[in-house]
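The sequence and model come first.

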Amino acid sequence: MRVVIRGAGDLATGAALRLYRAGFQVAMTDLPRPTAIRRTVCFSEAVVCGACTVEDVSAVFIADPAEAEAVWEQRKIPVLADPEGACIPVLHPGAVVDAILAKRNLGTAITDAPVVVGVGPGFTAGADCHAVVETMRGHDLGRVLYRGSALPNTNVPGLIGGYAGERVLRAPADGVFRGLRAIGDTVRTGDVVGEVDGAPMACTIGGVLRGLLADGVPVHLGMKAGDVDPRCEKRHCCFASDKALAVGGGVLEAILHLSGILKER
């Protein structure tokens, strides 16, 4: 079964890993200039670099959906720069997953495929999709909702290592971002890890730099541009997070349940 995932950031990549390992043919779309922070665990990097590998799964950038079949034959994931999802009617997927995480629906319709899954807030099961997967950390993380909507966005990052908002680094000005450190670096409070047209972006806590926006990306004041992990485990930079895998498990459940694959077995 083919699945197109709109978005190729860290949560979308967690879903792609779950689906790929369960035997699905996965294709992904993202922006021509991706804005992912946790780039070492995002298949959106294939758009930038031409190819990338997350854990043991490889993805390849393609310019035309007609190239997807050859990539699937190589047991890899094709990734397109296609934010509008124009490839969907060409690929005829059995399921579409909207994991753009824009906190609102940017054009996904319940008629896009036999199974349509919305990830996070902005979707209503039964209206613009068949199921919604909860992304809010807590008791319901990864839960599949077949009626209603996910919890609204609070703009408060989840608690990790005792820190929430402090671990997120935000653009200090409007302009073009430039990184000064690398993902995986150990940082201390006050360390400057990036800048926007000369304005410094400094860490508010110490730990490991788990995410950092790519150079050259246009940003606006307050835009998320980095992430410090206070747990200081560098290996976390190379593996999908617990949240990404929980959400991915919800996506897998929804597709299996709604497509009737489990009933066929």
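## Terms and basis

A residue is called buried under 20% relative accessible area, exposed over 50%, and partly exposed in between (1.4 Å probe, protein chains only). Helices (H or I, at least four residues) and strands (E, at least two) are DSSP runs, numbered from the N terminus.

This is a predicted model, in which local features need pLDDT of at least 70 and side-chain atom pairs count only at pLDDT 80 or more, while totals for chains, interfaces and linings use all residues. Residues are numbered from 1 along each chain as its sequence is written, and side-chain values use heavy atoms, with hydrogens and water left out.

## Helix 5

Helix 5 covers residues 242-259, 18 residues in total. From its first C-alpha to its last, helix 5 reaches 26 Å, close to the 26 Å expected at 1.5 Å a residue; the expected span is 1.5 Å times one less than the number of residues. The buried residues of helix 5 are Ala244, Val247, Gly248, Gly250, Val251, Leu252, Ala254, Ile255 and Leu256. Just after the helix, Gly260 has a positive phi of about 80°.

## Salt bridges

A salt bridge is a side-chain nitrogen of Lys or Arg within 4 Å of a carboxyl oxygen of Asp or Glu. The structure holds 13 of them. Arg137 counts as partly exposed at 28% relative accessibility, and Asp242 as exposed at 51%.

In another salt bridge, the closest N and O atoms of Asp227 and Arg167 are 3.2 Å apart. Asp227 lies in strand 19 (residues 224-229) and Arg167 in the loop between strand 11 (148-149) and strand 12 (168-170), so the pair ties together parts that are 60 residues apart in sequence. Both partners are buried: Asp227 has a relative accessible area of 2%, and Arg167 one of 6%.

Glu195 forms a salt bridge with Arg178, with 2.7 Å between the closest N and O atoms. This pair links strand 15 (residues 192-196), which holds Glu195, to strand 13 (residues 175-179), which holds Arg178, 17 residues apart. Arg178 counts as partly exposed, at 42% relative accessibility. Elsewhere, salt bridges that share partners join Arg21, Glu55 and Asp56 into one network.

## Overall form

The secondary structure comes to six helices and 19 strands. The C-alpha trace spans about 55 × 40 × 30 Å along its principal axes. The radius of gyration is taken over C-alpha atoms, and the globule rule is 2.2 Å times the number of residues to the power 0.38. For 265 residues, a compact globule would have a value near 18 Å, and the protein agrees at 18 Å.

Of the 265 residues, 50% count as buried.

## Cysteines

A disulfide is a pair of cysteine sulfur atoms within 2.5 Å, and by this rule the count is zero. Cys87 is in no disulfide, and the nearest cysteine sulfur, that of Cys52, is 17 Å away. Cys87 is buried, with a relative accessible area of 1%.

The sulfur of Cys237 is 6.1 Å from the closest cysteine sulfur, in Cys238, which is too far for a bond. Cys237 is also buried, with a relative accessible area of 4%.
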